[in-house]
Amino acid sequence: MKIRQVTLYNFKGFEHITCDFEGSQAIILGGKNGYGKTTLFDAIELVLTGRIQRYENYSNDCHYGRLHFGEQTLPLVNNCDKDKVGALVTIEYNDCFFELKREAKTQDMKNPIDFEAFSPMMIRLNHDEEWCEITTEQLCKLGLNYFVQSFVFLYYISQEEATSFLKQKENERYTAISNLFNTSDFDRKIDKVSIMLKTLDEIRKETNDSVNVQQKQLDEYTMLSFKDEKNEGTYQRLCSQSRHAWDTEHPNLSPANYQQLLSEDGIIDKVLFAINHFDTYKQMSINNYVNSIIRNENLDDVAFYIQNKALENHILIYVSYLHTEFDTKLQNASITNLPHLATNLPSEILNIIGKEEVKRLDDKIKNIEEIYKNSSEIEKLFANILDERKILIKTIENKEAIHFSTCLLCGHDYKSNDNLLKSIYVTTDELNKKLQGLSANLPILLADLKTDIINSVVQVVEDHFLKLSISKEVAQRYGELDISLIVRNLGKWEEQIQLKQSPANSVENTKIAMQNYLNSLIKSVPDDLSYDQLNQIFVSYVKDIDIDKRTEECIKTKRQYLLNCWNAMKDERLVKMHKEVSWLNKKLDIIDEKNKAYYKLLLHIKNQRREYLQKIVSDMEALFYIYSGRIMQDNYFGRGLFIRFESNRSSVLFVAGNPNSEVDALYSMSSGQLVSVVLSFIMTINKLYGSLPILMIDDPVQTIDDLNLWGLIETLRHEFHDHFLMLSTHEENFGALIRYKFAKINIDAKYIDMQQYHRPKNCEPKS
Amino acid sequence: MINTFYDLLDSLFCESGYRKLVGSLYVNDNPKSKDFWLLVNDFDLDSQYVVLEDLLSKYMELQAEEKNISILVVKCVSGSHDNNQDEIMRLENDAYCFKKYALYYTDEAWQALLSVLTHSEGTKIGDLMLQESVFENLKEENNNAQYGPYSLLYSIAHKLPFLLMNVAPQQLVDSHYKPSEDDQKLFCEINNLFALDGDERKQHTNEYINQLINEDNEDTSSDLIQL
């Protein structure tokens, strides 16, 4: 069997090319990276199998966002404007020639890649015939059915597959081995059943949790008992002003709120307890309240207030007078800031002094202020005159040569300068004396005025209030009290503990009377009762209960009513819950049954997989040992690799040296050696199971060194001498060497440089 | 009649279509092929150019066969086989003039191999290597870290790439799971319930199990389906 021609149209990087292999036994595709060597392999794979295995990974890459196709580009399509995309392979087999093809309408191609768009395989026996869809029967008749079905596994190894062991992660290696041994059908099914088993486990766990919850509730309902007090327990609402769930006619009683309400020491019991100790609670409240007054309040001030409250109006007038600080202002006043009565004193005080007296004193103040004003002006004038006279004296004294017998001011003739000067001196002295006399009287007048005001105002006011028994000290203290607070507190105390505001004969006695009254309110209470506990029950529950319903009888009736409700509800729920638990248990049984069946199925698949792998490994181990030893000449002292099925790991192990070694040789190999392992593998299974003599390897050289390459060439040219071989390499020298070595043992090898078909165009997905 | 290791190799060359050109120089007997092998019992890498020139001067037909003459160094050694690995590596890794293969053996291994071959007379050596029992013996040797007759046997296959492995075409075991009728039903059930999304899968399975309970006990389920 030979591939004679491959034609691509609108496929990947090519508009339309036909590669004619001219009946050669071996084809070596050469050319640089990206020139389309792999495209030819892809095209053959597509035509024979309907898909390109390595492209299927692209769907995942697109899914994870690593690859994007532009809107104007489609996978595998060279030009979106062309109608069709496809490939055609001409095969020579048993002296017959036929063409096989698959094509898709360009518009049906999708992103990410979807091979469903491609037609089924079409066949044409010669150019004149129409293309027709090939059936399985025809494939069998042509002897191609097995070949087509096992093409990817036995006859072709792509670059990706050759390098699959380069992946370092354990699960990736597992996948690589799975692909290599073609166990993907088993593996997919194993995955599927395993996932379903996990799903069943999850459902089982959830169901089991539900059973536990239900069972717990069931136990709670069953265990909760109550005393049947043979009481009708008719419904009666206890709290008319507020709404509590337990006080409604149809309370929704769960075991939890049953416990909360009706259990020993539950809400109902607490309420009963609180009601039975209501008097104690009340006394405790009074004790706390009174103690708080005694401890926290200033009773001296309160007593002082009560004592002087009757004179409050007068005291407040006095206080307002004291607030003016008239006394102090007067004491400190100078002649320029004397306090006028009318403007500084409250009207009530002015009335006490009397209007006439006020007027007299204010006039006196004004008078002295006037005197002061005039005196000041005269002093200023005198000072000016004296200054001028000094200048005149100086002028006369300095101008002796000039004769001043006549006064320059008044025209009197003094006959001589000396007489004139003498007269000026005398007059100046007199003026100075007059000036001093003017200012000397004012302090006297001021002192007199202050004395007058003190006697007529300050003293009069003090006398007036003393007559009313209000001393200055009383007024001052009264002014310092927080009257509104005292009044508020007294009002509260009067209302709550009936404290009367009765003054005694003194502040002290008033205070003593108050203390005696407060102490009389405190009464002893039992030590074993907690005020906080009682208070909490009252605040939380009892305060909402109507006062007339705060009786033991009402509460007991409520208790019985709730018990009756619970009783009715409990029976109904118990039946329902029993059914639920029974249903869930049945579900668990079915889950267990399914789990068992799925697990058995899983074992069956795993067993078949194991048998399949064991058979393949058993078939191939000797040949693989020979081929791997031939290709990897310098590895493990020229020996081959053993291949072993590991039932524990359900996987295949490649080992060197000791065949029972647990060390996976793949982990210690170079990239070139790993590629060599895969090549040895494909050659082994091709030789063992290949029904047709054909082998295609895309870029076998890759990373392998010249020694391994030599082993590969030798194995290929001898062991696969009668095969149609299709290889590729971007290394021109290696290509030439392969062709040369093939030719030396009479293998007709054709080297095709893909450069001749290359037209630059970027249709590859951008990553 | 095979008495020596060389006799065995000579017979293998002949069986594989090679004839002795002269001395221990073999050539592929096919007129369209040109593949040369020189058997030597020792080889000095330093003098390989002399060897090459000597060969080319003596045999004009080799002139056009550059890179097409392989040298098989067949050497009987004593003691542990591994002691010679450095020498073998140096020889085989040398890239000049010839492709060199080193086939070192011990007399004990050879005598034992000869015994094996005598017992299986009539079986081609390539076929012998593919026999399961023979390969098991090789594994046993390797397991015991011995270089015995079977290691030597497979070394011959590694060093003589023209030695063909005549594998009888075998039917590939089906790589698809073949379920029983019951398993098929179960698998259909799983396919119906399966979904990639975990929540969806769980929902399908839950519904299916509930349905099974309800079918089993309709009276009970009518009350409880609303739970």
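Visitor: What is the area buried between chain A and chain B?
Guide: This is a predicted model. The size of an interface is often given as the accessible area lost when the parts come together. Carbon and sulfur atoms give 61% of the area buried between chain A and chain B, and the total is about 6,800 Å².

Visitor: How many residues does the contact take from chain B?
Guide: Both chains contribute to the contact. From chain A it takes 69 residues, and from chain B it takes 75 residues.

Visitor: Which residue of chain B forms a salt bridge with A:R717?
Guide: The count between chain A and chain B is 5 salt bridges. In the one formed by A:R717, the closest N and O atoms are 2.9 Å apart. That is within the 4 Å cut-off for a salt bridge, and the partner of A:R717 is B:D35.

Visitor: Which helix gives the largest share of the side of chain A that touches chain B?
Guide: Across the interface of chain A and chain B, 26 residue pairs are in polar contact, both at pLDDT 80 or more. Helices of chain A that each supply at least two residues of the side touching chain B include α8 (184-223), α24 (552-631) and α26 (706-719). The largest share is 26 residues, and it comes from α24(A).

Visitor: What percentage of the residues in chain B are buried?
Guide: The secondary structure of chain B comes to 10 helices and 5 strands. Chain B has 227 residues, and the buried share is 47%.

How values were computed: Residues numbered from 1 in each chain as written. Chains lettered and ligands numbered in written order. Predicted model: local features only at pLDDT ≥ 70, side-chain atom pairs only at ≥ 80, totals over all residues. Heavy atoms only, no water. Contact = heavy atoms within 4.5 Å. Buried area = accessible area lost by both parts, 1.4 Å probe. Salt bridge = Lys/Arg side-chain N within 4 Å of Asp/Glu carboxyl O. Polar contact = N/O pair within 3.5 Å; in protein donor to acceptor, adjacent residues only side chain to side chain. Helix = DSSP H or I, 4+ residues; strand = E, 2+ residues; numbered from the N terminus. Buried < 20%, exposed > 50% of the residue type's maximum accessible area, 1.4 Å probe, protein only.
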